[in-house]
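Thanks, everyone. Let me put the model up, and then we can walk through some side-chain contacts.

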Amino acid sequence: MTEKTIELPGIISVRDLAEKIDSSPIDIIKALMQNGVMANINQQVDFDTAAIVASELGYEATLEMIEQVEDGETGEIALWRRLIANEDEKSLKVRPPVITVLGHVDHGKTSLLDAIRSTAVQEGEVGGITQHISAYQVTHDERLITFLDTPGHAAFTAMRSRGAQGADIVILVVAADDGVMPQTKEAYSHAKAAQVPIIVALNKMDKDNANPELVKKQLADIGLVPDDWDGDTIIVPVSAKANTGLEDLLEAILLVADNTEILANPEGQEFGTVIEAKRNRAKGVETTILVQNGTVNIGDVLIAGTTYGRVKAMTDYFGKSVVIAEPSQPISVMGFNDVPVAGDLFRSVKNDKEARLIVADRIEKQKEAAQAKSHKITLENLFDHVKAGNVRELRLIIKADVQGSLEPIVSSLQEMSATDDEGKIKVTVVHSGTGNISESDVMLAGTSGAIVLGFNAKPDTAAQKTAEKEHVSIRYYDIIYRLIEDVEKALKGMLQPEEKEVVLGKAEVRAIFKVRKLGSIAGCRVIDGEIRRNAKVRVMRGKKEIFAGEIGSLKHEKDDVREVRKGFECGIGVKNFSDFEENDIIECYTIELVSAEL
């Protein structure tokens, strides 16, 4: 039987797949069940799963063209890798591997990158690197290797969250004298989520207190079993300070690259990733891009996110002018009309008119996406998403104050699941660690669709702002059983919004007046926020609360008012309370039903 050819997107619902291959949704669901996938008619499946089902029903599936994938709603790293599937296999050639270095802040990541960069300068042209950009290439055994010099795993994840193939291989730097630290585990979680091979660079081997065997044990405990322990993780001892082990590390990179299909078509569709961009007052917008397919030429029209431009000039990482840029080559280009976002995908189009039309369409879709973002998954609305067929998994990021609290929480959650009419709802702990909730935790949650749970752990200022921007749900707990209980309720659709006290303002009692029929009235000055007539109040004497109730009357001068703001004087009467004293503080507040989001 001759198979029919059909194009499928990276993500497709069971209903849409049935329509694409002119089949019944029941037949699709049966085929999925035979392959171990439980799904309902509205559930979405990835391209690989859909292709298997299509094959069983007489269709050969190929991934839709790059334009469709770029403009879709998904940013999964797997889609970016599969874009190469649109190229003619006969035209594919091996390209240099792209490397990102991650690790704990004090473990020598920057020193290692500097040491490798120095090698590039020594082997490069006279004069060395004349400008610093966030990517460069080195040569080892007459083969090129591209390094991305990103600030850390937060930037790495930001790129991935936009659908960018940020790297082909991750180097995880671990200090031999310090071992696996919380940020090491965090970096590992990001690399693992990106589904890229990991090589461990065991740095600072020159130090007297280096203990590589202990560090290997710690690495094995988090899932990175060394190859000399019958595992599959290459661990290379290095010293950035002493310049030892660098050749072995480069050798390991090439070894892993040879076992991974890192291909591109130099003559095919031009696409890649924006590494960094800035506005230069004298030159205009300078954009560092990483070419990952095709060859970029002077005069090409590129689009990246909601920006576009014609390439006017290009320079390599030595600052030398070039006219073409091939796959895996980092290049600085001039010509974009505005500053693109680091991590945006770029591609070439025919002309400026096409670029303007595509960008206008993207801007409109961004507005729609911004509205949809506010409906991200929270514990409160989890069950609604489950019933709608949008999710069959609850993903969590757990942060706790100490390891002793973290372990029982993670253990309990990993054993948890729920079953409804459509099948099993699984709980997955994407990442866990000790310490406060960081911006990196929030970025990972945003990328992986997870909810952040903090046990005696709060977010820092940067994490708070990012959570608000990305609509990431964060909940805080100080009792373990309540955390476990809320997750159980969420899985059963029983979790209710919680009450939250919102302090509106404070007023200081300056005098007390006796009023017939009303009792005592506190003559006050509002020292913070505002006092509202319909709100609740508590009377504080020192640090002690002596009464809580409601406002009976609120006057400014002789007028009844609804509110009095900071800096103004007022008379406050509290229902069923008249025992005011000077310097008492009347605190005004409301109780709101809210989800525990920031």
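**Side-chain contacts in a predicted model**

Start with Phe 577: at 13% relative accessibility, this residue counts as buried, where buried means under 20% relative accessible area, exposed means over 50%, and partly exposed is in between, using a 1.4 Å probe and protein chains only. Before going on, the ground rules: this is a predicted model, local features need pLDDT of at least 70, side-chain atom pairs count only at pLDDT 80 or more, and totals for chains, interfaces and linings use all residues. Residues are numbered from 1 along each chain as its sequence is written, and side-chain values use heavy atoms, with hydrogens and water left out.

What does Phe 577 pair with edge-to-face? The partner is Phe 580, at 5.1 Å centre to centre and 85° between the planes. The cut-offs: rings of Phe, Tyr and Trp (its six-membered ring) pair if their centres lie within 6.5 Å, with planes under 30 degrees apart stacked, over 60 edge-to-face, and the rest tilted. Phe 580 is buried too, with a relative accessible area of 6%.

The count of aromatic pairs comes to 4. Take Phe 547 and Phe 577: their ring centres are 4.9 Å apart and their planes are at 20°, so this pair is stacked. Phe 547 sits in strand β30, residues 544-556, while Phe 577 is in the loop between β33 (569-574) and β34 (585-594), so the pair ties together parts 30 residues apart in sequence. Elements here are DSSP runs numbered from the N terminus: helices are H or I with at least four residues, strands are E with at least two. Ring pairs link Phe 547, Phe 577 and Phe 580 into a cluster.

Next, charges over rings. The test is NZ of Lys or CZ of Arg within 6 Å of the ring centre and within 35 degrees of the ring normal. Lys 458 has its charged end over the ring of Tyr 476, 5.1 Å from the centre. Arg 538 lies over the face of Tyr 589, at 4.2 Å from the ring centre.

Now salt bridges. How many does a search of the whole structure find? It finds 24, each a side-chain nitrogen of Lys or Arg within 4 Å of a carboxyl oxygen of Asp or Glu.

One of them joins Asp 168 and Arg 95, 2.9 Å from N to O. Asp 168 is in the loop between α7 (153-161) and β9 (169-175), and Arg 95 in the loop between β5 (93-94) and β6 (98-103), 73 residues apart. Asp 168 is buried at 9%. Arg 95 is buried at 10%.

Then Lys 216 and Asp 228, with closest N and O atoms 2.7 Å apart. Lys 216 lies in helix α9, residues 212-221, and Asp 228 in the loop between α9 and β11 (234-237), so the pair ties together parts 12 residues apart in sequence. Lys 216 counts as buried, at 11% relative accessibility.

Third, Asp 584 and Arg 541, 2.8 Å from N to O. Asp 584 is in the loop between β33 and β34, Arg 541 in strand β29 (residues 536-541), 43 residues apart.

Finally, a network. Salt bridges that share partners join Glu 501, Lys 506, Arg 538, Glu 545 and Glu 587. Arg 538 is also the residue over Tyr 589.
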